[in-house]
Structure formats: C-alpha cells, structure tokens
Number of protein chains: 2
Amino acid sequence: MYNFKFHNPVKIFFGKGEIEKITNEIPVGLKVMVFYGGGSIKRNGVYEQVMAALKDFEVVEFGGIEPNPQYDTLRKGIEMVRQEKVGFLLGVGGGSVLDGTKFIAAAYYYDGDPWDIVTKDVTLKKAIPLGTVLTLPATGSEMNGGAVISRASTREKRSFSSPLTLPRFSVLDPSVMHSLPDRQIQNGIIDTFVHVTEQYLTYPVGFQLQERFAEGILITLIEQGPKFLADKNNYNAAANIMWSATMALCGLISTGVPGDWATHNIGNELTAYHNIDHARTLAIVLPGVLQHQKEMKKERLLQYGEHVWGILTGREEDRICAAIWKTEAFFHFLGVPTHLRDYNVPESTIGLIKNRLAKLPNKLGENQDIGPEEIEEILRLRM
Amino acid sequence: MYNFKFHNPVKIFFGKGEIEKITNEIPVGLKVMVFYGGGSIKRNGVYEQVMAALKDFEVVEFGGIEPNPQYDTLRKGIEMVRQEKVGFLLGVGGGSVLDGTKFIAAAYYYDGDPWDIVTKDVTLKKAIPLGTVLTLPATGSEMNGGAVISRASTREKRSFSSPLTLPRFSVLDPSVMHSLPDRQIQNGIIDTFVHVTEQYLTYPVGFQLQERFAEGILITLIEQGPKFLADKNNYNAAANIMWSATMALCGLISTGVPGDWATHNIGNELTAYHNIDHARTLAIVLPGVLQHQKEMKKERLLQYGEHVWGILTGREEDRICAAIWKTEAFFHFLGVPTHLRDYNVPESTIGLIKNRLAKLPNKLGENQDIGPEEIEEILRLRM
C-alpha cells in the first residue's frame, strides 16, 4: 500500500431539516450569491428553506447552471460576482451546480483565461469561500475540492481540483430527494457505483480496510438503490444513497490505493460529443473496461464477485464473467441502457474519441496500459 | 437513522518515513514542547526522526507520561508549558501520551481547577495548538478531540472532548510498530475492536452503510491482527491495524447511529480500581454486556454473527451465543485473558463499581437500561 495524506475539513450537516444550519456557518456581513440549476429547488421546498436561512444576509441569485455546467454560463457568473461584490458563494443543487460554483470561486481570483484552470497545471492562490446544499447525490462534489466543467463550443469536458475550493460546509438533507425524477436517481446511483469501482477494481496493494469500505458502499448501493427507486418516500434508502455518494469521493477510499479512472476519461468524451448523461456514459464504458482488462484486474474481479455479488463457486474465468455481467445487469435493473447503440452513438464517434485521447500525455488505467488502440477496442465492445 | 454533524479537519500523514512532514506543519517561530511516555521512542528511532524534523525549532521535552495518563503528572506538564512559554505541543506516543498532551493544551487556558475539565460540563474557550506522532494504534486519539485522564489519588478515570483539542496534524507511520511488545499490540487490536462494537452492536436504525463500515473494520482486525502478532515486520498488517484504529474513533462510524459505551464505562472502573490495561478491561466486560443484553441487541448480534463471523445457520439463540463466544475466543486467540479472576480482581470490587456507577446521572447502554443491578449482573458473569 502507498503512503498517503488525508485531509478533509468539510463540515457536513446531514439529515432532514438541516438546511437551517447554514445561517450560522456563513460569516456575518458577507453578501451571498446563491447558485442553482433549472429551478427544481423552487418546486421542492429547498429554495424556501435556503432563503429562510439566509434572511439576515444580503443575497443575489444566479440560476440556470446546466447539467455538465457550461463554461460560457459560468463566465457570466464570474462577471456577476464581480459586479455584485459578493463575499460568499452558496451552490444549491446537484454536482453540476456545485462544480460550477467551485469554478466561479476559483476563477474570480485567477488572472489569466479562466479556461486555463481546467486545461493547464495552474496554481490557484485564492478562491471565494463557498458552501453547498446538496439536492442530488452523485458526484461527491459536496465533500471534495474537485469540479468538472464543459465547453460546448469545443466539445470539451475537463476538470480541476484544489483545496481552496473545498466547501466550508455542505448540507445533505436526504428528504429533498423524494421529488427527484427516476433518471437523476438512476444516474446518482451509477455515478457513485463507478466512483467506487474506479478506486477498487484495480490491483491489490494489501490495504484490506479500504477494500472493505469500497465493498460496503457497493453493497449498500445495490441494496438501497432499487428500494429508493421503488419508494421515494423511503428516507433511510435516500440517506444511505446520499452518504454513499459522499463517502465514495471524499478521499476516504482512494487513500493508499491505486486508481483506474479510464471509465471516466472515456465516458467524459461521450458526454462531450453526444451530451449523454455522465452516469450513463459510465454505465456504457465500465463493462467494456472490465472485460478488456480482466486479466490485469483478475484478482480483484474475483474478490469483487465473491464479496459484493456472492459468486463463490465455478471456474475463475466464469466467476469473472459473472461479476462483470452482474454489474451490467444491475445498471439494467435500475433502468439504464448500457450500449452505445442505445444512445444512437455512431461508430464514427469511436475514432474521434480515440484520436482525442491519443493526445493525452499518459495512457489510461491503473497500469497506464490503455492507449488509443485499447480505447477503440473497449468502445467496440460496447456498440 | 439520526441527523448528524460530521467535521474532522485533522490532517493525516500516513506511511513509512512520513514523520519528516511535521517540519512544514508547525508554524515557524513557535517553541515546541515534545511529550512522550516511558522512553520507547528513544529506542525505536522515532525520537531521532522527530528531532530531525524539528531541527529548526526551539524544542523542550516532557517525558514520563504514563499509560492511563495521570493528572498529577500532567499538572507538572502544564506548569512547564507556562514556564517555557511554549507555542505548540507535539505528542509522540500512544493514546495516553496523546490524551495527556490534549489535556495540557486545554488546561493551559482554563482558569479554574483543571480537573473540572473532565468532571464538569465546562466550556473551553481556547487551547494550545497541537500535533501528534502516533506510535501505537489503539485509542483513535490521533484523529479526534477526546482524551481520557486518570487520577490515582481518587481512583478516577474521566474523559473530555473538544474541537479545540483536535490535532492540527497526525503522523501515522506503521513501520514504527515493529518494536511494540505483544501486549501493546494485543491491547491496540482489542481497544479498536471494542470501539467499533460500541457503535455497532446496538439496535438498527437503517443506516446500512455505517453497518458495512463497522463490519469492515472488525473483519480487518480479525484477519490482520493475528498476522501482525505473528510477524511484526508485516508492514501491510501493521498499516491495516493502524488505519482501522483511526477510522474506528474519528467520528466516521458513529454518525447517525446510537452508541452503547457501557463496556467502556464499566471497564474504566476496573482500570481505576485495579490498574488493569484499558483494552483488557474491555475484553473482560464486552462478552458480559453482550450476554446480558442479548435480547435488546438480538437483531444486530445475528447480523454480526453472519457478516463478521460467517455464522449462517442454526437457531437464532445458538447463533447469538456463537457470535458472542467467537468474540471472546478472538480475544483469547490474541493472547488476552477475559475473566476477572485472571486479573485477581476480588468479588468485592463488583460492589465498589456498582456503587460508584450508581451515582451517574443516567443508566448505561444505548437504551439506558444498564443500571447498578445490571452492572453487578454483568460483572458476576465475568468472574
């Protein structure tokens, strides 16, 4: 196992009614800008709770942050923060709103072209302090410093991460999830699931506790995900999914172990070219990566089959196939299609993705052995 | 499940050679007081590494903090901090040294009798900043704000917890564990194990992910503990035990679920009266608490038997007995006796403990149903 640093100072308020806690977490006297997305927070009661908690603050609003938050939209946000002389940013929504808020927080103090932040290895010196109110568990953005930003004009989807953009606090109220459409719930479960597999389905380094934590999140999603889809008033199921999403990407299960992230890298290209929901790109790509890399991931896939899916007997080869098949079947069971053809992606896209990822400085995967040829092979497995 | 707040800003440096990182974590110009215990750090290389990392700081030392750190010793520490005008405290050792350091950090700025801190509901306003270098995984003190202090003259063992005494950083280098005596390793494994059972063997509240995390720590201890006792050069086993101890009591698995802590409360009295190692008191008391409370804890004990010990079949009553028996057998397997007679505790002690715990404002246990009579019954089960 590898040496690691772990430091996550984000303050979490978890549970029904916790939104009111933000009142005491924002420094008195700061002007607050509230960011949100398409306006669902105005229909599910979250907006009212946030505004009630902010009643003693001067507040301005910036709505309309899209899924896969768009650079052009966020630039307008930066401009508005500047005009309004805002001192604190509050992202209210899912991962896209939170990521957009983080980007604005960082870009405000960045002197150059803001796009540099996600494309060049820039050192951020300062960011506007921010907090979040999460409405859709999926990305883990509420308890990390990372953000993923998209740019439609160039069909790019890029990310950055900085301790400066760690939320000062995040409120996670599972009761707000009852009004989420199925599609967003499915996406959240799958996004979380694949965050875990990217940090778990690699090669063993002897860090058993991390393996148990990762398996614990996967088992929880498999059991609680369908329960919540069947009954959106199931608070405990919602809460388990929400905390799973946070735990999956807060740095806890990544410490001391290798990471894969090939599925995310390839999936992000599918979003960039075809605007497919992030989680659905992961559902498409993951089975292909596992199938293609099954020799390299053999030991861990056998363990995954045993501990997560209860596959205890049979030839090794068959147990590995069963583990991959059960993964894909879980996505189907949630109601999510997993092939490129299901999303009308033409074969020609494979070449585009292959060529663009060929420009990366390193090959993908925990062994850095997934290059352009392998990416093509993986995507062909998923047609 | 319950609402919760989670906030743990302790910065962790984990792995071989990480002690050198403390150089950059202590503000330049502060005078540092290094606390340690009986001097084992001068034999295992830790002292040299710490002093090398502090070579640019003015350093004073305070050794001799005992297991179950003694109030009288710590008062001398407070006095010395005052005389030396120290600006930063560094605890180097196991839980006792870390707890002693925290108490001194808090007591320095407390105006009244320092013993108030662990006996009265005082509000701390300030503490000297502190960091830790952990040499013995067990108490989890390296990643929480709590401390347990003993006072020989009154045979008392009391605790406090405050965000002000959270370490700014903690270094966890598993490679320093190779020189630990068996007894301390046994104690560390059992202390961690019982920290988890206190937060897990209660009643279900539907927070499945927490159950999986707790079970993951228990399974890891059961598998890695004996491995490390058999081969103290097994770095991965050491690392798993060390991170398990930290994860067991950093607030992660306690969030949103009930806690028991009857075993700790009763065990602490055994230490206070007979100076039995903390972990050994837990090994004595836990099987008694589980046996006595097996109806209240029925659902969770069955789950524990199944998930942790693989007890899948048989009558419920037998499965529960087997789960408790396997717990005690694990302590025996580690080499730790589990009955009061093994430690020459006379029957008369039971009455003393019963009478003293009768003065507590509340009964013990997650259901607050363990009063003086039940404490006596539990201890009689352990003679």
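In the predicted model, residues 24 or more positions apart make up 77% of those contacts in chain A that have a separation of 6 or more. The secondary structure of chain A consists of 13 helices and eight strands. Its radius of gyration of 20 Å is close to the 21 Å given by the globule rule for 383 residues, so chain A is as compact as a globular protein of that length. The C-alpha trace of chain A extends over about 65 × 45 × 45 Å along its principal axes, and 54% of the 383 residues in chain A are buried.

Chain A is superposed on chain B by a rotation of 180 degrees with 0.0 Å of shift along the axis, at an RMSD of 0.0 Å. The two copies are thus related as by a two-fold rotation axis. Among the residues of chain A, the closest approach to this axis is that of Pro9(A), whose C-alpha lies at 2.0 Å.

The interface comprises 33 residues of chain A in contact with 33 residues of chain B. On the side of chain A that touches chain B, at least two residues each are supplied by strand E1 (4-14), helix H6 (208-230) and helix H7 (235-248). H6(A) provides the largest share, 10 residues. By residue class, this side of chain A contains 15 nonpolar, 12 polar and six charged residues. Of the interface residues of chain A, 100% are also interface residues in chain B, so the copies meet through the same surface. Strand pairing also links the two chains: E1(A) and E1(B), the latter formed by residues 4-14, are antiparallel and joined over seven bridges. Within this pairing, Ile12(A) has Phe6(B) as its bridge partner.

In chain B, strand E2 (residues 32-35) is covered on both faces. Val32(B) and Val34(B) are buried on one side, and Met33(B) and Phe35(B) are buried on the other.

Conventions:
Residues are numbered from 1 along each chain as its sequence is written. Chains are lettered from A and ligands numbered from 1 in the order in which they are written. This is a predicted model: local features need pLDDT of at least 70, side-chain atom pairs count only at pLDDT 80 or more; totals for chains, interfaces and linings use all residues. Copies are superposed by least squares on the C-alpha atoms of residues with pLDDT of at least 70 in both. Two residues are in contact if their C-beta atoms, placed from the backbone, lie within 7 Å. Helices (H or I, at least four residues) and strands (E, at least two) are DSSP runs, numbered from the N terminus. The radius of gyration is taken over C-alpha atoms; the globule rule is 2.2 Å times the number of residues to the power 0.38. A residue is buried if 20 or more other C-beta atoms lie within 10 Å of its own, exposed if 12 or fewer, and partly exposed in between; C-beta atoms are placed from the backbone. Ala, Val, Leu, Ile, Met, Phe, Trp, Tyr, Cys and Pro count as nonpolar, Asp, Glu, Lys and Arg as charged, and the others, Gly among them, as polar. Two strands pair if DSSP finds at least two bridges between them.
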